[in-house]
Amino acid sequence: MALTISDIGKAVLDTHYAVRGPIVARAQELEKAGKEIIYCNIGNPQALKQKPLTYIRQVLALAEYPELIEHADSLLPQDAVETAKTILKESKHGLGAYSDSKGMLFVRKAIAEFIEKRDSTAALKVESDPDHIYLTDGASKGVQTALRMLIAGDQDGIMIPIPQYPLYSATITLYGGVQVGYYLDESSGWNLSYKMLEEAYLEAHARGVRIKAIVVINPGNPTGSVLTRENIEMVIKFAKTHGLSILADEVYQENIYRPEDSFVSFARVMTEIREHEVSLFSFHSTSKGFLGECGHRGGYMEVRNVPQDVLAQITKLQSVSLCSNLPGQVVTYLMVKPPAEGSPSYSKYNEEKNSILSELAKRAKILADGLNAIPGISCQPITGAMYAFPSIKLPEGRTDEEYCMALLEQEGVCLVPGTGFRQVAGTAHFRTTILPPTEQILSVVEKIRRFHLAWK
Ligand SMILES: Cc1ncc(COP(=O)(O)O)c(C=O)c1O
């Protein structure tokens, strides 16, 4: 007899992933039936017309099809050709062979140099060890590996922000752990406070949960907020007090839109305060920033303050899937090693990068201002990442899931209900990306306005 749903484990059945839930399934049906849909549900930039960076695709094309190299000299910039040759030489067998479980060593070395350069200052030398870096299929696989390591029993808890990105809630459920939510304070631009961390910890601890780690997403998804250095130090101290590991999701580190904000990594602050006891897993990805190479599934996890025998277990887990995909490893290499100043591709690369980032900053402002002008919708400034998470006033008895479904049916705008990210009881939200092209963002705001004012 064929498999039935009752054969499927409870953990799988209980796992929810809102970003691709029933609303998106309905959007696809409507699209098939001829309705025009604007997909604002997922941070997938190239699906919303963002162009890939030329240099990345040139090198990747040559590395995938080395026969092109001998014809490329007159067609492609010399640094793209040289980089492709380096990749082929260093990878030894090209992109069609498995690599080491951790990923190709030359890529891990380039990542370690990138981290050192990103985080060091004249007064501070941040060191990074290529042996503590794992190449992963997107950041998602790295997060899953870390959670797999940490969740050892059904009372093991992981602290996650509320609202959070559903990768965390879904994976914790799948691995049989306990989600311990800590609230971000919407009224202060989604800030973190020690008090809220402590309350969440104590409440779960009193229920017998053994809390193992805290997840921090900076810049935030879905909140779009950027943490200050003080906030980061506070989280490290909190983790130390309670013996927790930290999972620092830093995939949006390039997506910061106000000149007064800057990205500060957990690795840097840990080095600054000479913290050597708190274990840190930090994640980066080729999917976000200005690359938007989601489909290439590139990313890495860097691990600090973890002993050798634990590292060996992480390597073993990686080796169960042999290695992450090689084109993704190459895109990760290109992300951390962009064209050097003065090289033929340098100016075009930077023009493309700056144009993408300035467009995103512009859209973030248009969207937040537009939403705030609608009575009954209130949106915090979008200072980072790729999303807005406004709160919405709903008619009595209605949910944000019904709201998003009705908006989709009437106006063809596909959002994710706040419920999928968790939220303060009694509040309602939706999440939208800032990714549609500017003209479309204006039309999204108009469609939401028309719908919101009329919906009962
Ligand atoms: C906060 C956060 N972490 C991780 C990911 C996973 O991205 P990927 O697996 O494509 O690197 C996403 C994707 O949207 C995200 O928003």
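This is a predicted model: local features need pLDDT of at least 70, side-chain atom pairs count only at pLDDT 80 or more; totals for chains, interfaces and linings use all residues.
Residues are numbered from 1 along each chain as its sequence is written.

The protein has 456 residues and a radius of gyration of 22 Å, which agrees with the value near 23 Å that a compact globule would have; the radius is taken over C-alpha atoms, and the globule rule is 2.2 Å times the number of residues to the power 0.38. Along its principal axes the C-alpha trace spans about 65 × 65 × 50 Å. The secondary structure comprises 16 helices and 14 strands, where helices (H or I, at least four residues) and strands (E, at least two) are DSSP runs numbered from the N terminus. Buried residues make up 48% of the 456 residues; a residue is buried if 20 or more other C-beta atoms lie within 10 Å of its own, exposed if 12 or fewer, and partly exposed in between, with C-beta atoms placed from the backbone. Of the contacts with a separation of 6 or more, 72% are accounted for by residues 24 or more positions apart, a contact being two residues whose C-beta atoms, placed from the backbone, lie within 7 Å.

The domain assignment gives domain 1 (5-50 + 349-454), domain 2 (54-93) and domain 3 (105-336), with bounds that come from an automatic or database domain assignment. The C-alpha centres of domain 1 and domain 2 lie 38 Å apart.

Strand β6 (residues 245-249) is largely enclosed by the rest of the structure, because 5 of its 5 residues are buried. Ser-245, Leu-247 and Asp-249 point one way from β6, while Ile-246 and Ala-248 point the other way. Strands β5 and β6 pair in the parallel sense over 5 bridges, pairing being assigned if DSSP finds at least two bridges between two strands, and Val-215 stands opposite Leu-247 in β6. Elsewhere, 3 strands form an open antiparallel sheet in the order β10-β14-β13, in which the edge strands β10 (387-388) and β13 (416-417) each pair on one side only. The antiparallel pairing of β13 with β14 (residues 430-433) runs over 2 bridges, and Val-416 stands opposite Arg-431 in β14.

Around the ligand there are 14 residues, of which Gly-138, Ala-139, Ser-140, Ser-285 and Ser-287 come nearest; a residue is near a molecule or strand if its C-beta atom, placed from the backbone, lies within 6 Å of it. Helix α7 (residues 138-150) gives the most to this shell, with 3 residues. By class, the shell has 6 nonpolar, 7 polar and 1 charged residues, where Ala, Val, Leu, Ile, Met, Phe, Trp, Tyr, Cys and Pro count as nonpolar, Asp, Glu, Lys and Arg as charged, and the others, Gly among them, as polar.

Val-226, in the loop between β5 (210-217) and α10 (229-242), is buried, with 25 other C-beta atoms within 10 Å. Leaving aside neighbours within four places in sequence, Val-226 is in contact with Asn-218, Pro-219, Ile-256, Asp-261, Thr-383 and Gly-384. Ala-406, found in helix α15 (residues 400-411), counts as partly exposed because it has 14 C-beta neighbours inside 10 Å. The C-alpha atoms of Ala-406 and Asn-354, 52 residues apart along the chain, are separated by 37 Å.
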